[in-house]
Amino acid sequence: MNMAADQEMNRSMKRDEEHAFAREQFLQLLRHKQIHTVYQPIVSLKDGIIAGYEALTRVPEDSGFESPVRLFEYAEKEGLIYPLDRLARETAIRNSLAMGGRELLFINIPAASLQDPQFAAGKTIELLRDRGLKPEHVVFEITERSSIHDFAAAKQVLEHYRSQGYRIAIDDAGAGYSSLQAIAELHPDFIKVDRSLVQDIHLHKTKEYMMETFVAFAGKLHIEVIAEGIECEEELLFLTRMGVHYGQGYLLGKPGTEKADVAPGLIQQIVQQRKLHDYAGSA
Ligand code: C2E
Ligand code: MG
Ligand code: MG
Ligand code: MG
């Protein structure tokens, strides 16, 4: 065998080994349920009150997956998303902070998992019920990592949940695959606008215009807008003045395992900026 072919074979064997190793690590994580959930507040930009919490999965540092994004990407690529997603949902619901009160629990559902027979069959509903979470307390956030290939089937599953009182959010709007047409057709209760449009929105006219478009579009369809990834006061105040309904981000509260508090100074500023928005609207 010549040297080039030899090297190629070595590389290929190494790739197979790495592949097998990643898979073993993933299965290990599933088997031993080595994930946990943190909860990040979602705050009303009308009054600064916490409206709910988004459940976000965390992986141990030595798991070989450096972030939940990597973990979920890997699972989707390998066709292993259903079992991971089931575990993530189960863990999120079991440890949920939002109980009894009026706070909402936002749960991430990749579009791919809408086709999971177990999700469609309502296993999740059982878990929620056991935890005392009524349909009106729960919002499913739909993320598309790739475009929904069976849109009609996905829509049907969502309609089933909505008919029982659960609410739907389209996640990462403005990035990714969700077109305005898809949003109009799914007609969710919330649109979560991606952090890439929120970051430094006060400095970029194009971001401002895109956000304005979402707010106007959502307003016509009676959908509420949530801005993701708010990190500084300028962004928060700007979005509040624009009439964005809810905000989420490190400035308002980091993901954690306890219920959060929004800084009183921020609440005061939200209320003030909101008045400016309402005044401009009525003038
Ligand atoms: P996502 O659903 O859009 O979640 C928002 C992400 O933004 C979270 O990252 C959150 O920690 C982060 N974030 C929130 N505020 C800020 C901020 O002010 N600045 C910055 N830089 N980031 C902020 P995280 O937890 O790493 O999750 C990333 C993505 O992984 C999520 O994006 C979601 O697509 C996926 N994911 C996480 N947990 C789950 C889960 O339990 N199930 C599913 N299916 N997907 C999940
Ligand atoms: Mg989300
Ligand atoms: Mg999101
Ligand atoms: Mg996002």
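**Entry 1: a salt bridge inside**

I count a salt bridge when a side-chain nitrogen of Lys or Arg lies within 4 Å of a carboxyl oxygen of Asp or Glu. I keep in mind that this is a predicted model.

With that rule in hand, I looked up Asp 116 and found a salt bridge with Arg 89, whose closest N and O atoms are 3.9 Å apart. Asp 116 sits in the loop between S3 and helix H4 (117-120), while Arg 89 belongs to helix H3 (residues 81-94), so the pair ties together parts that are 27 residues apart in sequence.

**Entry 2: salt bridges along helices**

I stayed in helix H3 for Arg 94 and Glu 90, which are four residues apart, about one helical turn. Their side chains meet in a salt bridge of 3.1 Å, N to O. Arg 94 is partly exposed at 48% relative accessibility, whereas Glu 90 is buried at 18%. I also noted a network here: salt bridges with shared partners join Asp 85, Arg 86, Arg 89 and Asp 116.

Next I went to helix H1 (residues 3-31), where Lys 14 and Glu 18 are also four residues apart, separated by about one helical turn. Their salt bridge is 3.3 Å, N to O. Lys 14 counts as exposed, with 51% relative accessibility, and Glu 18 as partly exposed, with 46%.

How many salt bridges are there by this rule? The count comes to 20.

**Entry 3: magnesium ion, ligand 2**

I turned to the metals. Which residues coordinate the magnesium ion (ligand 2)? I listed Glu 54 (OE), Asn 108 (OD1), Glu 141 (OE) and Asp 171 (OD), at 2.0 to 2.3 Å. Along the chain, these donors follow the spacing E-x53-N-x32-E-x29-D. Two of them link distant parts of the chain: Asn 108 is in strand S3 (residues 104-110) and Glu 141 in strand S4 (residues 138-143), 33 residues apart. I checked accessibility for both. Asn 108 is partly exposed, with a relative accessible area of 24%, but Glu 141 is buried, at 0%.

**Entry 4: Asp 171**

Asp 171 is buried yet has no salt bridge. The nearest side chain of opposite charge is that of Lys 192, 4.7 Å away; the cut-off is 4 Å, so this pair is not counted as a salt bridge. Leaving aside neighbours within four places in sequence, I found Asp 171 in contact with Glu 54, Asn 108, Glu 141, Ile 142, Thr 143, Ser 178, Lys 192 and Glu 228.

**Entry 5: magnesium ion, ligand 4**

I moved on to the magnesium ion (ligand 4), which is coordinated by Asp 172 (OD), Asp 194 (OD) and Glu 228 (OE), at 2.1 to 2.7 Å. The donor spacing along the chain is D-x21-D-x33-E. Asp 172 bridges this ion and the magnesium ion (ligand 3), which lie 3.2 Å apart. Where do Asp 172 and Asp 194 lie? Asp 172 is in strand S5 (residues 167-173), and Asp 194 is in the loop between strand S6 (190-193) and helix H8 (195-198), so I have another pair that links distant parts of the chain, 22 residues apart. Asp 172 is partly exposed, at 22% relative accessibility, and Asp 194 is buried, at 13%.

**Entry 6: the nonpolar cores**

Last, I looked at the nonpolar side chains. In soluble globular proteins, such side chains tend to be buried together. The largest nonpolar core here has 57 residues, and those touching the most other members are Phe 140, Ile 191, Met 211, Leu 239 and Val 244. I followed up on Leu 239, which touches Leu 45, Val 198, Ile 201, Met 211, Ala 227, Ile 230 and Val 244, not counting residues up to four places away in sequence. Apart from this core lies another, of 15 residues, including Phe 26, Leu 29, Leu 84 and Leu 87.

Definitions and conventions: Residues are numbered from 1 along each chain as its sequence is written. Chains are lettered from A and ligands numbered from 1 in the order in which they are written. This is a predicted model: local features need pLDDT of at least 70, side-chain atom pairs count only at pLDDT 80 or more; totals for chains, interfaces and linings use all residues. Side-chain values use heavy atoms; hydrogens and water are left out. Donors are N, O and S atoms within 2.8 Å of the metal (3.2 Å for Na, K and Ca); water is not among the atoms, so sites may look incomplete. Helices (H or I, at least four residues) and strands (E, at least two) are DSSP runs, numbered from the N terminus. Buried means under 20% relative accessible area, exposed over 50%, partly exposed in between (1.4 Å probe, protein chains only). A nonpolar core is a set of buried Ala, Val, Leu, Ile, Met, Phe, Trp, Tyr and Cys residues joined through side-chain atoms within 4.5 Å. Contact means heavy atoms within 4.5 Å. Lys and Arg count as positive and Asp and Glu as negative; His and the chain ends are not counted.
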